[in-house]
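This report describes a predicted model.

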Amino acid sequence: MSSAPTSEQRAPRRRGRVASFVLDDHRYVLLGTSAVAAVGMLLSSQPRPAMSFLANAFTVELAMYYLLAAWLVLAAVALIFKLTHWKNYDETAPFTKPAVARVLRYASYVVWAMTLVLVVDRVVMSVASAWSVAVTATSRPTDDMLESMCYILWNGRQTFITGFVTTVELAVIGTVVAFFLALLLVFCRIQTVDRPDNDFIRFWKKAGAGFAKVYSTVVRGTPMMVQAMVIYFGVFGLFRMTSLSTTQINGIWTTFLAGLVTITLNSTAYMMEVLRGGIESVDPGQMEAARSLGLSQWQAMRKVVFPQGIKYSIPGLSNELVINIKDSSVLSVIGTFDLMFATTTVAGIYYQQFQTALISTAVYLCLTMFASWLLGRFARHFDVKVEALGSTSDTPVKVEE
Amino acid sequence: MAMTQTSQQPMVRIEGLRKSFGNLEVLRDINLDVMPGQVVTIIGPSGSGKSTLLRCINLLETPDAGHVWFHDADLAAEHVDVNRLREKIGMVFQGFNLFNNMNVLDNCTLAPVTLKKMKKDEAEQVAMGHLEAVGLASFAHANVSNLSGGQKQRVAIARALCMQPDLMLFDEPTSALDPEIVGEVLEVMRGLARDGMTMVVVTHEMQFAKTVSDRVVFMDQGVIAEEGTPAEIFGAPKHARTREFLFRYLDD
């Protein structure tokens, strides 16, 4: 949009949420930072991991601990003062004087820094040491959960990577193919009978719209897990009618292919509804204006309504990729080697359901967060806002004018 | 100017037109002729069916009964090729309805390029001529959303003219505009009328109806209550309802 640069120049430069909290909106210096200090003290009381660097600087850590404690005391005093002087706190409290407030503000940064050091020392270093133990271990360490998880992740890495790649492939290819199928289907879905149409065209228009409606109802009304089974075993049965052997069929109709078909057909139905919502939110006046110039319904749709409708649909469409990343996990029911299948496989090897599930939780979360960040950047090109990690395809479309 | 052309065949002949939305009868037996070169303004209170009548002329609303003859073709007939007929009937809407996904020039060239198979640069040349006429040639590559209401409406008029229509329909073209910029749109319409364009205008601008139109049609509750020259309607209205309506408008 050509208006974008001018409006950007006028608007103040936007900071990230964290940056603006630290720089502008640091209203809860005492109370908010005391929570951070408490976290720091809690970490400090934890046993040191093998790689802890503060183990060599005991006095430093002791000093940090007492400084954090002092901050907590100060915050408590301020809180009591606030509660007792509720009405005229701003005038009477020493904490609100500009000079004191500035010192407190800088002190709070120090609290953050000290806590950060403790986080690195305890959390990061414990993962690092657990990892170094797990990589060299000959059998799974049983007494430390972190070491155990690192061991599972390291030794099951081949399986995890295969599953990860398959999940990404399924979601990306499935979403892209589904988008084009959904475009075709939505063309069928929204066409209406027009005056100049002869009976033949009228029949095909009605048949197309009816098919799209039934397709959408059936696909959206059944679980994808069931669809996967129907598609996989159904097509498998069809192949059985030929002279191919089971091994040959398995070579052609792989579980990956079946999974891809399932996720594509499933996503098509949802994307079609998203597109339909976008197209229907285009002002009917656009259609009327195009028709009044003499354009046929199809020409008006193609040149005027679709380009706008698809733009409106971008938030919903990009949500579909995130949904597919998550929903591809049900394909493990037919044996598609995705991340979920990898998780159950690895969990079976080590008899550790919870720990393995925790690992794949982290992987799925990173994947979906990365995907929605990427899509958000992509959508910004089209002047539309994408909500982070949307839940379903049925969420209404939001468009910023 | 219409007075000299009365011997000609009417360009639009509406016969026994009826239209209802559900139980609401919006148009009840409308008969109206529009001669070539005539400017007909339709006035009347809100909900009297003015816009519906106008939209029936290019079949944006399908009539329930009656005929809408445009030249020799009956638009209300089944299976008529409305798209071909609409090419000759330009329409300007209250809400502008410029295509938001295109710039000003593309708005104007879309229909000629798509329907008349004009070459792109040829269509652009024609469009620039019409944009020049409405005083917006310098906005040819501007985004539609950056225009003011008056500019949008002038582009909408230029867009309709690019198809070289025989008839122009105006559906309350100034109702969505600030009073200050109504004038610039009306000026363009006056120019069109001077050039001999056949126009049917639904409007609340009584001054425009009075000075520009050859015939004024007053509609009330789905029927044409009174019609005549501006002098007849504004000077000596016969119908009590017309007097009441005009009194309220010309009062302020």
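Chain A has an accessible surface of about 22400 Å², and 67% of that surface belongs to carbon and sulfur atoms; areas follow the Shrake-Rupley method with a 1.4 Å probe. Of its 401 residues, 39% count as buried, meaning under 20% relative accessible area with a 1.4 Å probe, protein chains only. The secondary structure of chain A comes to 16 helices and 0 strands, where helices are DSSP runs of H or I with at least four residues and strands are runs of E with at least two.

The model is predicted, with local features needing pLDDT of at least 70 and side-chain atom pairs pLDDT 80 or more, while totals for chains, interfaces and linings use all residues. Residues are numbered from 1 along each chain, chains are lettered from A in the order written, and side-chain values use heavy atoms without hydrogens and water.

| Pair | Angle | Axes |
|---|---|---|
| α3(B), residues 104-115, and α4(B), residues 120-133 | about 125° | 9 Å apart |
| α14(A), residues 297-327, and α3(B) | roughly 140° | within 12 Å |

In α14(A), Gln299(A), Lys303(A) and Val304(A) meet Leu110(B), Thr114(B) and Leu115(B) of α3(B), contact being heavy atoms within 4.5 Å.

In chain B, the residues of α3(B) that meet α4(B) include Val104(B), Cys108(B) and Val113(B).

Terms used: Axes fitted to C-alpha atoms, helices over the stretch in contact; angles between N-to-C directions. Buried < 20%, exposed > 50% of the residue type's maximum accessible area, 1.4 Å probe, protein only.
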